[in-house]
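Please read the briefing below alongside the sequence and the 3D view.

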Amino acid sequence: MKPTSPHLGALAVGNIVLPNRLFVAPMAGVTDRPFRQLCKNLGAGYAVSEMVTARKDLWHTLKTSRRANHDGETTPIAVQIAGTDAAMMAEAAAYNIDRGAQIIDINMGCPAKKVCNKWAGSALMQDEPLALQIVEAVVAACLPHKVPVTLKMRTGWSLQHKNAERIARAAEQAGVAMLTVHGRTREQGYKGQAEYDTIAAVKAAVRVPVVANGDITTPEKALAVLRHTGADAIMIGRAAQGRPWIFGDIAHFLATGTHRAAPLTQQVKQWLLDHLGEHYGLYGEFAGVRTARKHIGWAVRTLPGGEAFRTRMNALDSCEAQVQAVADYFDELSLDHDRLPAAAVDVAEDDDAQEAREAACTAN
Ligand SMILES: Cc1cc2nc3c(=O)[nH]c(=O)nc-3n(C[C@H](O)[C@H](O)[C@H](O)COP(=O)(O)O)c2cc1C
């Protein structure tokens with residue numbers, strides 16, 4: 001059936017066709033392979049891995065090898081790389097292509113002070129010649145493999161230095177196949193509101209697909225951002241934490257103009273249990289139980305008794321006990337709530353999210 005909205009169809013990124021235009025944002029410490037796959041299963045058309053450092057000496061670390069794990073992931077496999085040296089970034093691109101990457105994304109969006117012990121991520125936006133040098137080197141490394149290069153950035157360095165449009169034009173000229181813009185400056189971090197005028201200006205300035213990102217938390221907001229920016233796709237980060245079915249909700253709303261029913265409580269339980277199984281498989285018991293706590297916490301945070309459950313659950317330290325606790329919580333919830341009770345979506349960053357971001361943005 002033909003989509004009723006122009007925002008629903010497939011989208012070509014270079015020679016790769018994405019099934020839809022609803023993307024999961026790369027979130028270090030969150031969007032590992034199990035979580036990306038969960039989002040893809042529930043309606044996301046595209047997911048970018050957590051950033052992988054361009055520093056070769058860190059490629060052997062457990063953290064980097066887990067980040068480079070794409071076992072069984074629905075294609076296309078997209079890997080984000082971060083660094084400050086053009087040659088190293090080119091090498092990192094080639095290394096990840098060898099390991100299955102079909103799209104390489106350059107990180108100019110992370111506001112962490114230091115990536116790879118140097119200013120990187122969105123800090124690169126302050127040094128346009130270096131940013132361009134990196135883009136050119138990565139494109140040159142990917143070209144022989146026919147792997148498209150994409151770029152994720154912010155609106156600029158600070159309110160006084162919004163250079164996203166200039167960087168977008170230069171990056172397109174250098175061969176970048178898609179641009180994502182988070183509607184905040186680097187200086188803002190995650191404070192204040194994302195603005196979409198700059199994203200609209202970027203969209204108007206280039207021909208390659210532009211992805212709008214920042215503070216998209218509901219189907220209505222998704223539609224409003226698509227309309228305001230004219231963007232080809234949207235990317236969702238924090239609002240997918242604990243609610244990975246948001247992609248399906250948005251797709252339904254864009255297609256019909258109506259909201260679909262909340263998911264069945266038993267269905268949510270099963271999604272979470274399946275996710276935990278994959279998560280333990282990647283991290284093992286010790287790290288798996290600990291890193292799963294944030295995902296479980298996000299899943300229950302707005303639900304009845306969720307906070308008390310989270311406190312109890314955080315004290316458990318085996319996979320078996322964690323799985324049992326989650327199953328019991330949702331079984332009890334489903335006695336009174338056939339479907340997940342409605343809750344105001346709250347993307348205010350909680351301690352887990354902030355901790356994950358700060359720890360993860362060191363990239364190694
Ligand atoms: C925990 C966390 C980790 C993040 N890690 C990355 C990252 O590795 N690379 C990147 O480009 N952006 C990263 N971001 C930024 C997101 O991709 C996204 O641009 C930002 O959260 C705004 O989108 P949202 O309002 O939908 O969350 C991270 C954000 C969070 C919350």
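## A strand covered on both faces

Strand 6 is covered on both of its faces, with Ala 78, Gln 80 and Ala 82 buried on one side and Val 79 and Ile 81 buried on the other. Here a residue is called buried if 20 or more other C-beta atoms lie within 10 Å of its own, exposed if 12 or fewer do, and partly exposed in between, the C-beta atoms being placed from the backbone. Five of the five residues of strand 6 are buried, so this strand is largely enclosed by the rest of the structure. In a regular strand the side chains alternate between the two faces of the sheet.

This is a predicted model, in which local features need pLDDT of at least 70 and side-chain atom pairs count only at pLDDT 80 or more, whereas totals for chains, interfaces and linings use all residues. Residues are numbered from 1 along each chain as its sequence is written.

**Overall make-up**

- The protein has 12 helices and 11 strands, where helices (H or I, at least four residues) and strands (E, at least two) are DSSP runs numbered from the N terminus.
- Of the 364 residues of the protein, 50% count as buried.
- Among the contacts in the protein with a separation of 6 or more, 71% are between residues 24 or more positions apart; two residues are in contact if their C-beta atoms, placed from the backbone, lie within 7 Å.

- Nine strands form an open sheet in the order 4-3-11-10-9-8-7-6-5, with parallel pairing, and two strands count as paired if DSSP finds at least two bridges between them.
- Strand 4 (46-47) and strand 5 (52-53) stand at the edges with a single partner strand each, so one side of each is left without a neighbour in the sheet.
- Strand 6 pairs in the parallel sense with strand 5 over two bridges, and Thr 53 stands opposite Ala 82 of strand 6.
- Strand 6 is also joined to strand 7 by four bridges, the two running parallel, and Ala 78 has Ile 103 in strand 7 as its bridge partner.
- Strand 9 and strand 10 pair in the parallel sense over four bridges, and the bridge partner of Thr 180 in strand 10 is Val 211.

**Helices and their packing**

- Helix 3 (residues 86-98) packs against helix 4 (residues 128-142) at an angle of about 30°, with the axes 8 Å apart; axes are lines fitted to C-alpha atoms, for helices over the stretch in contact, and angles run from 0 to 180 degrees between N-to-C directions.
- The residues that make this contact include Ala 90 and Ile 97 of helix 3 and Ile 134 and Val 138 of helix 4.
- The residues of the contact of helix 3 with helix 4 divide into 13 nonpolar, one polar and no charged, where Ala, Val, Leu, Ile, Met, Phe, Trp, Tyr, Cys and Pro count as nonpolar, Asp, Glu, Lys and Arg as charged, and the others, Gly among them, as polar.
- Helix 5 lies across strand 8 and strand 9, and runs at about 165° to strand 8.
- Helix 6 (residues 197-205) has Thr 198, Ile 199, Ala 200, Val 202 and Lys 203 as its buried residues, and what covers them includes strand 8 (149-156), helix 5 (164-173) and helix 7 (219-229).

**Nonpolar cores**

- In the largest nonpolar core, which has 87 residues, Phe 23, Ile 81, Val 138, Leu 179 and Ile 234 touch the most other members; such a core is a set of buried Ala, Val, Leu, Ile, Met, Phe, Trp, Tyr and Cys residues joined through C-beta atoms within 7 Å.
- Helix 4 gives the largest share of this core, seven residues.
- Apart from this core lies another of 17 residues, including Val 300 and Phe 309.

**Residues in loops**

- Pro 76 is found in the loop between helix 2 (62-67) and strand 6, and the peptide bond from Thr 75 to Pro 76 is cis, with omega near 0°.
- Lys 146, in the loop between helix 4 and strand 8, has a positive phi of about 55° although it is not a glycine, and it counts as exposed with 11 C-beta neighbours inside 10 Å.
- Asp 215, in the loop between strand 10 and helix 7, has a positive phi of about 60° although it is not a glycine, and it counts as buried with 20 C-beta neighbours inside 10 Å.
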